Amino acid sequence: MGHRRKARESALQILFQLEFSTNNYEEVIEEYWKEKKASAKTKNYANWLVRGVISSKKEIDNIIEECSKNWRLSRMATVDRNIIRIATFELFSEQDIPSPVIINEAIEIAKKYGTEDSGQFVNGILDTIKRKVRKESEDEKSKN
């Protein structure tokens, strides 16, 4: 397993903990790494993902709500919701990573940590988000 997959899984676990914690997110990150061994690359990427999702959460959640027909965020499984948040953040922040790679990683993580239907659910929502987010990015590039 590559360092980015490990980082994404760690970011998911940290974000999951934050859903139920009253602690500051930096404290949760620090506590998480006390119990886990990982390379500096993995830690740095995971921490970047967590901080990015947290700092962009309102924008990310708006995009998810806009692109998920008949699904409010509050109705989504906690694991699925956070996998989608991470992938959405990557889609608009990591232009060098192809969309199919980001989405496939999210699907594989959903299959591992979610329910039997999580892979399909995550795929469907992320496909819609990809079309919106990456199209907007391409539109911005063409303006410059």
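Guide: Start with handedness: a crossing is left-handed if the near helix is turned anticlockwise from the far one by less than a right angle, and right-handed if clockwise. Here the crossing of helix 1 and helix 3 is right-handed. The model is predicted, with local features needing pLDDT of at least 70, side-chain atom pairs counting only at pLDDT 80 or more, and totals for chains, interfaces and linings using all residues. Residues are numbered from 1 along each chain as its sequence is written, and side-chain values use heavy atoms, without hydrogens and water.

Visitor: At what angle do the axes of helix 1 and helix 3 cross?

Guide: Roughly 45°, and the axes come within 8 Å. Angles under 35 degrees count as roughly parallel, over 145 as roughly antiparallel, 65 to 115 as roughly perpendicular and the rest as oblique. Helix 1 and helix 3 are therefore oblique to each other.

Visitor: Which residues of helix 2 are buried?

Guide: Buried means under 20% relative accessible area, exposed over 50%, partly exposed in between (1.4 Å probe, protein chains only). In helix 2 (residues 25–35), Val 28, Ile 29, Tyr 32 and Trp 33 are buried. They lie on the same side of helix 2 because they cover an arc of only 125° around the axis, taken from the directions from the helix axis to the C-beta atoms. The face turned away from the buried side of helix 2 carries exposed Lys 34 and Glu 35.

Visitor: What covers the buried residues of helix 2?

Guide: Contact means heavy atoms within 4.5 Å. The cover includes helix 1 (3–19) and helix 3 (40–55).

Terms used:
Helix = DSSP H or I, 4+ residues; strand = E, 2+ residues; numbered from the N terminus. Axes fitted to C-alpha atoms, helices over the stretch in contact; angles between N-to-C directions.
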